[in-house]
Amino acid sequence: MSSPFPTTASKVNGVQILAPVPGRTKELLNPEALALVATLHRSFNAKRLELLANRKTEQKLRDAGKLPNFLPETAYIRDDPTWTGPPLAPGLEDRRVEITGPTDRKMVINALNSGVATYMADFEDSLTPAWANLIDGQVNLYDAVRRDISATIGGKSYKLNTDPGRRIPTLIVRPRGWHLDEKHVLVDGEPVSGGIFDFAIYFYNSAKESIARGFGPYFYLPKMEHHLEAKLWNDIFNFSQDYIGLRRGTIRASVLIETIPASFQMDEIIYQLRSHIAGLNCGRWDYIFSYIKCLRNHPEFILPDRSQVTMAAPFMASYVKLLVHTTHKRQVHALGGMAAQIPIKEDPERNRQALENVAKDKLREVTLGCDSCWVAHPALVPVVLKVFNEHMKGPNQINVPPKTPYKPIGQRDLLAPFVPGAKITEQGIRTNCVIGLSYIEAWLRNVGCVPINYLMEDAATAEVSRTQLWQWVTHGAVTDAGQKVTKDYVRRLLNEEYGKLVKAAKPGNKFKQALAYFEPEATGETYSDFLTTLIYDDITTIGRPVSAEKL
């Protein structure tokens, strides 16, 4: 059967794409870019798989009682005060407010028009990795780098504001984590790493253009659990820069510290990326997910309702203090956490209170020494900018002495689960049921971030909802009303909330399928490493192979 795509003189042996490659996508999935994907896969995928296997080994040790701690074998890195990261890169000196979101065209345009310092374009937690989403996102970022992006959606026009003298936010791309495959693209019959694919296609097509535009190929790296996972990225960066003739160190990477093991290896992660590091970020929701996941075998680490696990909780506050101290010691940015609120247009008073809480949270971050923070919605930008502008007079706080002397953070500071006034409530259980079901249902419809109760929820918050329920059932937690959290109790509440969601949903919804995925996880019958890997096969569009030489 002949291919529907034109042939080219270039050929990439061993590469197959198991999905359509429509329209302008062929320009980006060109033979040269796919050759980089293939070369990176052949050079580095074995190490990726080895590191993923090591995660399982480490989890078995934690389950057996070996709690996360600072690594004795890398003490020489932590104790050496002489090394630092590189000078701050163009477009990354001042990052006081960053907006994040998926790579659909409207989001990209609105984010770049929002008045922030940087925009993290997300191929990870806020985007369902359906093939159409991924390749559409690559086209949108290609156009965004070139300042040539517009759209008409629902009769409304969107275009990039390029008025003279206006700074367009610096673009930073978040590829998928090491645990995610891209099953639509095979090299020598094996699925490639989702992260390698996202990185390589963007990098090959836009690295040099981004430099010409005054910034560079910048990335956010998610979900790492070991400093050797950072070293793998560093090796890929060096190889890729050599491959297209860029000076090593041109790439810059900000790392999300969103797993418990990584919180004990901040110095080491910076060290492994020390020619490319731009900063470390407080990924608060994934961090709570990782806390429960890593310590899941130990009932002494049960956490209360998610709403109570704020950044003021001692173990969360310790994590931020250690991150700020470590990054500034190494002369890179301390990047604050997410404000996930979205406007409550029909209730001005409630909206005002929500914005006040956002401002208080950002005041806490900037006072602790953070150089930036994240927002999920453009409406939050003026509120957050006001706080940072009032309390951070320079472009960052890297060399500003801390307002209170730093006290060393130890293992117990990072692990102690104490939360003032902690309690588990029936409402907390119901909320976790609603978020988990609603997010999975949306994900199955190829929607990766969902507004629920005026908060923008993504995969990280769905993971917290799932793992909290699993933890409470598995360890027989008790609510503030004296109710033991059993499998049957959670199943009853889950089905009640499911009924409400289905009744309010539009025809064609996927709540029944979402319940089938979520119920075994929520009731403690199964435990999957990630919801995204559990559900991934349902959103793939695997079809007839198309060889890369036919593109």
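# Close-up views of a predicted model

View A. In UniProt, an unreviewed entry carries the annotation "domain: Malate synthase TIM barrel" for residues 170-416. UniProt positions follow the numbering used here, feature names are shortened, and annotations may be inferred rather than shown by experiment. This is a predicted model, where local features need pLDDT of at least 70, side-chain atom pairs count only at pLDDT 80 or more, and totals for chains, interfaces and linings use all residues. Residues are numbered from 1 along each chain as its sequence is written, and side-chain values use heavy atoms, with hydrogens and water left out. Across residues 170-416 the chain is 45% helix and 17% strand, with 37 Å between the end C-alpha atoms. Helices (H or I, at least four residues) and strands (E, at least two) are DSSP runs, numbered from the N terminus.

**View B. Strand 2 and its two partners.** Strand 2 (residues 97-102) is largely enclosed by the rest of the structure, because six of its six residues are buried. Buried means under 20% relative accessible area, exposed over 50%, and partly exposed in between (1.4 Å probe, protein chains only). Strand 13 (residues 372-375) pairs with strand 2 in the parallel sense over three bridges; two strands pair if DSSP finds at least two bridges between them. Here valine 97 has cysteine 373 of strand 13 as its bridge partner. Strand 3 (residues 118-122) also runs parallel to strand 2, joined by five bridges, and tyrosine 119 in strand 3 is the bridge partner of isoleucine 99. To get from strand 2 to strand 3 the chain passes through helix 4 (residues 105-112), a right-handed β-α-β crossover. Right-handed here means that, with the strands pointing away from the viewer, the path from the first strand over the helix to the second runs clockwise.

**View C. Tyr319 and the nonpolar cores.** Phe199 and Tyr319 touch the most other members of the largest nonpolar core, which has 134 residues. Helix 2 (residues 31-63) supplies the largest share of this core, nine residues. A nonpolar core is a set of buried Ala, Val, Leu, Ile, Met, Phe, Trp, Tyr and Cys residues joined through side-chain atoms within 4.5 Å. Another core, of 36 residues, lies apart from it and includes Val434, Ala442, Phe511 and Leu515. Contact means heavy atoms within 4.5 Å.

**View D. Serine 193 in strand 8.** Serine 193 sits in strand 8 (residues 190-193) and counts as buried, at 1% relative accessibility. A polar atom of its side chain lies 3.2 Å from the backbone nitrogen of glycine 195. Leaving aside neighbours within four places in sequence, serine 193 is in contact with Asn45, Arg48, Trp178, Leu180, Asp181 and Glu182.

**View E. Two residues with positive phi.** Arginine 147, in the loop between helix 5 (131-145) and strand 4 (150-153), is not a glycine but has a positive phi near 60°. Arginine 147 is partly exposed, with a relative accessible area of 22%. Aspartate 188 is found in the loop between strand 7 (181-187) and strand 8, and its phi is positive too, about 55°. At 48% relative accessibility, aspartate 188 is partly exposed.

Note on methods
Polar contact = N/O pair within 3.5 Å; in protein donor to acceptor, adjacent residues only side chain to side chain.
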